[in-house]
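Student: I'd like to learn how to read a model like this one. Could you walk me through it?

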There are 2 protein chains.
Amino acid sequence: MDLIDEKHTKTMKPPDCREPSPPDVESLAPFFEPRGVAVIGASATPGKLGYGVVYNLLSHGYQGQIYPVNPHLDEVLGRRCYPDIASVPDPVDLAVIIIPAKAVPAVLRACGERGVRGVVALSGGFAETGPEGQRLQEELIRIIHDYNMRLVGPNCVGVMNLHSGLDTTFVGMRPPLGPIAFLSQSGAMGGAAIDWARGRGLGFSYFASLGNTADVTETDIMARLAHDEDTHVIALYIEGFHDGRAFMHTAREVTRTTPILALKVGGTEAGARAVSSHTASLAGSNEAYRAAFKQSGVVAVDTVSQLFGAAQALAYQPPPAGKSVAVLTNAGGPGAIASDALAQLGFELPMPDEAAQAALRAALGPSAQLVNPIDMLGGASSSEYEAASRILLQSSTYDAVIAILVPNSANDPAGVAEALARAASGANKPLYACFMGDVAVREGHKRLHEHRIPPYVFPESAAHALAAACEWQCRRTRARPQPTFPTQATWPARACEIRDDLLAQGRAALTESALHPLLEALDFPVARGELARDPSEAADITKTLGAPVALKIASPQLLHKSDVGGVRLNVKSPQAAAQAFGELVTPIIDAHPEAEIQGVFVQRMAEPGVEVIVGMRRDPTFGPLILVGAGGVYVEILKDVAMRVAPLASDDARDMIRETVVGRLLRGARGRPRADVEALVDLLLRVSDLACSWPELAEFEFNPVLVHPQGRGLTIVDARAILRGEHASR
Amino acid sequence: MDLIDEKHTKTMKPPDCREPSPPDVESLAPFFEPRGVAVIGASATPGKLGYGVVYNLLSHGYQGQIYPVNPHLDEVLGRRCYPDIASVPDPVDLAVIIIPAKAVPAVLRACGERGVRGVVALSGGFAETGPEGQRLQEELIRIIHDYNMRLVGPNCVGVMNLHSGLDTTFVGMRPPLGPIAFLSQSGAMGGAAIDWARGRGLGFSYFASLGNTADVTETDIMARLAHDEDTHVIALYIEGFHDGRAFMHTAREVTRTTPILALKVGGTEAGARAVSSHTASLAGSNEAYRAAFKQSGVVAVDTVSQLFGAAQALAYQPPPAGKSVAVLTNAGGPGAIASDALAQLGFELPMPDEAAQAALRAALGPSAQLVNPIDMLGGASSSEYEAASRILLQSSTYDAVIAILVPNSANDPAGVAEALARAASGANKPLYACFMGDVAVREGHKRLHEHRIPPYVFPESAAHALAAACEWQCRRTRARPQPTFPTQATWPARACEIRDDLLAQGRAALTESALHPLLEALDFPVARGELARDPSEAADITKTLGAPVALKIASPQLLHKSDVGGVRLNVKSPQAAAQAFGELVTPIIDAHPEAEIQGVFVQRMAEPGVEVIVGMRRDPTFGPLILVGAGGVYVEILKDVAMRVAPLASDDARDMIRETVVGRLLRGARGRPRADVEALVDLLLRVSDLACSWPELAEFEFNPVLVHPQGRGLTIVDARAILRGEHASR
């Protein structure tokens, strides 16, 4: 199993494990509440972008000063136009630049001279266009450092603070006002989402599309939004981060108070191509992103509609405290769809308890079906919806209620929306509504929005939103200690010597026999063994270790030993070992004349156990990524692995094991003994330490690790590693 | 692994393997194009259901005669009202009945006397209400048999033939006219779907919600719709079939020409409860439905929006001939989302070939990114969309094209829709459109509908629709021979004797030792063995078979032998076998005093092989269901199984193996030898025969079956079975 992606390691250095410095939130104030905004490149011609920006600033309630800047104009949209930024009066905290790329550095410098604190560079023609643009972009970075300014962009759509009326974009439409901050790494996606939001009455507090993120990143904006009273939830559309560890660090803090939802695209090979040809951003593997999200409290979603469905749920209602849900409906079919979807997402739908049943019976009459879903049948009225949802919200059996309505001649969707709002008012648990259909339920949806009850069209959408809310709640309420960062200083002297020797040899691929002394010096529980260079050495080593032994080919070119017939197990005597040496080596030499055969590694057979793989690769975005999963023949076939970004906390290690199928075997399934899970947790933590404390170690894996029955530890039966950097040549 | 669901086997007899008789399509004519319709229980009061039905018949272009029937009225909505059905003049092919349940039998009989050929009984109060209603419903069935009539309902919404204008429902809204027939087992879901469809401009040809399906079923209507020129695709919302085999038989025929899409709900336990409390219908397991759909060419979908998304795709455009897709976009983000979704669904996105690249470059200019997705960037115009999609549709590289548009100030969605329509006209492969947003793309979506280009809002929806179309095409083009139905007549005499003996013993659970003689007589490749009742018999049998042997506890109460410590493998001599007998039996007797211990089954150790489980259970809806999957310790943990309804064709058996993870091991992964897959195919076919030819066999499983390397067959190492019916008592 090759954990490493060669392309990435060759082209960039992955981040190491150091602690990132937190974003400077204060310096971002100009992108939220500037006292005055200059538009450099303002235009008086409708249709031009420099016109659109001034128009948007004037049109949406922004209360600060607005200064069009253009040496050829006296006035733009009735405002006095200034010849340059130097002549703009106070206060001017922010400049929006919309001029050709080549002219941007000089203007940026002039902004610095004028005391402008923040700049939004809408202009394109920078890193996204190639090496020359990259150089121009680097010049911008030097300038803002000189003047201690912050820069959004270049090549961006800009930002909207819907609550202060600040709009630095030229986007021709605006979403309704609301509690959702939306950060989109694609400007086009941002525009489509705004249009979709206004069609559905979904309200935004803040919108940003930051383009090339030469300076200010989504991570910075997220950190600032955590202090924004008007933002209740942050929704991210992500193509790839430049600094994954900074994102994780900030997200860990932000998600203590504000939910973050993330839609990451570009994970599959085809998707990654689309992303890398679109922006200068580098797409990491989906697995690394998923792991990083889990560790930092971010909830991952799969589709745009799930992103906003979940955002509404978290913005409008408290998260559920647990996984017990009541479904209230006026039709069995949608109730069944909701039940199916909820059950698949791990929710339970218990029956109402006796008291709730009695109350529901009194409210709904004899024909209602008081199981769960609670089916009020087609004739359900607004007052029945109100009474029943109040009873369910008050019942201690449930953590959340989903009310489904199918429009028919007996009901009034708008009236039911009002009824649900009355029931939800004062409740301390979430109520979501699913009004199915389109034309007949439009007014109902509108009312639900007004009353902050998240409205869905399909039962499965409500179920997915509830799952996201539940996941956030679960992540938030679990302690997430910042794991400690180990250093090489903790290595024993003997291990440091061996390591330096290995690095000095300049090999990239390390075989089992090369690694073994180091692993023993670091006190990893490896199966004892030694390298035999001829049959008689094999016999001697077998005598010393005690039979039975395993024999394995040792060659840096043949890391997948069993694939080339390079493994013999259960060899029962020194004599047999001597004979097996020749039988093993001869056909391999014939078949792989190019391979350097160092000999045969003779190793004591380990006590049986559950076969597990433990590995590490360095992700270009997040750094060392630790992996655990089913080992042996099932590794490639099952792909049963869980990953986390190092350093790991012990909770991370336990979560990883729990996520895998082999984790169920380890916990003792079908009469099998429970395996030593704690020993595996310990191994994962030590592997995390090893990855963090040895940056030249590019990739390694232990496969198989045999996890013995509880209390008896585990044995690393095989190991291989790849070194990188100037020390290694593959 | 308990394959059987006790609740079902105790309450109903699953269907056997006989060939179902095809639906009588001719007799359904009254529900499609009746020359005259009587409405029995017509009302002149708006709001009453009997008014709504007459109103709908009058309002939607129905050209036949309409006869309100009500003894208390002279006129309804300007039409003469008749006192009873006897006095209604010719022609009258169909009667719609909307009167109290108790009065229905007499009126139904009067319809029969009058020569009415079809009846739609909207009235509720039948099987859905309990035993008394069930009896009333049975009376209806007797009456229609007496008069050779067909009955839709009772307790139903009715049918709409949108093209003939026939509408027997009281639903207050109608979908637009179009190519999709929608059959909904839930009336409420039907109403919500109609509302949703009219909001989105989705057109229906036929709608039916058949209620209790006392006579006419969805299967019957499907068979008739296959001959309906106006129906291009059939969409089903299913809670459960009464006769799964009849559905399969008809669907196999219909899907040769007309795609069928099915959304089945009620598969999970919680969902099943919602369904069974809602209708009299019985929810089978989702797995059985999935298997039946696959075998009969039906495409299963997961959500309502996927159901109609796929229906549009198949109704509007030809299905793709393969899995190679071009994505054309004016924005990278949505392109990446489409790529991710398509890749996950198994599609490929190859680069344009040289000729196509040159043509695209000429049409789109220097800045367009000519990989795949083909990104025309934000400024793409209608004529660029037209040129590029024409080039891609003509390129032999692609089987389908998805054109994505994000609205911005540079484009006109309605114009792009027209442009795409021009490009698609005359193309022999599908073009789908994804116009993202809401308000800004409404007109564009409308135009796409008009030009029969399926419009989606999200890229992943377009991808799912394409996957469904591709799946239908793939199923349709594969030969699906009706498998032959085996009978007990083909059993050897010796096997029949043993079987009759087993039945005569009256046991429900059959242990390995009881089953072995039968399996040998039927020539199944079992590992040879014999029952030992004491240690010395164990030694003797070991001598006869030859060591090494396996010892396994034989007790009808202890079917999961390894769970109770009842298995010893690799016993190497007769003496060791005698000793192991005692060591095995004594602790089990202590731990399970209630179990009847018949002795120890001594069995020759089989040659190694890949561990597989092969089993059968009888599904209440579809009859015998054959299962194959990963055996051994992974059975319960992986749940890596594939299922099909018996009888199996050999293609079914191969498909099953291919669907499993263990199938990849069998084909030889990571340097392992290929296993004897053909021997496993043969075993599955013989297991299918066994299930079909022995109806008293309720459930059985072989676990593990060891599949040896290619050419060396397989060995059934363990077997157990459950008998049912009057022969068995558990």
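Student: Let's start with a helix. How many residues does helix H11 of chain A have, and how far does it reach from its first C-alpha to its last?

Tutor: Bear in mind that we're looking at a predicted model. Helix H11 of chain A covers residues 332–344, which is 13 residues, and it reaches 18 Å, close to the 18 Å expected at 1.5 Å a residue.

Student: Is H11 of chain A largely enclosed or open, and why?

Tutor: Count neighbours: a residue is buried if 20 or more other C-beta atoms lie within 10 Å of its own. Twelve of the 13 residues of H11(A) are buried, so the helix is largely enclosed by the rest of the structure. The buried ones include A:Gly332, A:Pro334, A:Ile337, A:Asp340 and A:Leu342. After the helix comes A:Gly346, which has a positive phi near 90°.

Student: What about positive phi in residues other than glycine?

Tutor: Most residues other than glycine have a negative phi. Here A:Arg452 has a positive phi, near 60°. You'll find A:Arg452 in the loop between helix H15 (442–450) and strand E20 (455–456) of chain A. B:Asp523 is not a glycine either, and its phi is positive at about 70°. That residue sits in the loop between helix H18 (512–521) and strand E22 (529–532) of chain B.

Student: Is B:Asp523 buried or exposed?

Tutor: B:Asp523 is exposed, with 10 other C-beta atoms within 10 Å. A:Arg452 is partly exposed, with 18.

Student: And which peptide bond is cis in chain A?

Tutor: As a rule, most peptide bonds are trans. In chain A, the bond from A:Gly153 to A:Pro154 is cis, with omega near -5°. A:Pro154 belongs to the loop between strand E7 (150–152) and strand E8 (158–161) of chain A. Look at chain B too: the bond from B:Gly153 to B:Pro154 is cis, with omega near -5°.

Student: How many residues are in the largest nonpolar core?

Tutor: The general idea is that in soluble globular proteins, nonpolar side chains tend to be buried together. The largest core has 459 residues, and those with the most contacts inside it include A:Leu261, A:Ile402, B:Leu261 and B:Leu466. Beyond its neighbours within four places in sequence, B:Leu261 is in contact with residues including B:Val233, B:Leu236, B:Val301 and B:Ala468. Apart from that core lies another of 20 residues, among them A:Ala539 and A:Leu584.

Student: Can we zoom out? How far apart are the C-alpha centres of domain 1 and domain 3 of chain A?

Tutor: They lie 62 Å apart. In the domain assignment, domain 1 is 26–242 + 256–295 and domain 3 is 528–604. Chain A as a whole fills a box of roughly 95 × 80 × 40 Å, going by its C-alpha atoms along the principal axes.

Terms used. Residues numbered from 1 in each chain as written. Chains lettered and ligands numbered in written order. Core = buried A, V, L, I, M, F, W, Y, C linked by C-beta atoms within 7 Å. Contact = placed C-beta atoms within 7 Å. Domains from an automatic or database assignment. Helix = DSSP H or I, 4+ residues; strand = E, 2+ residues; numbered from the N terminus. Expected span 1.5 Å × (residues − 1).
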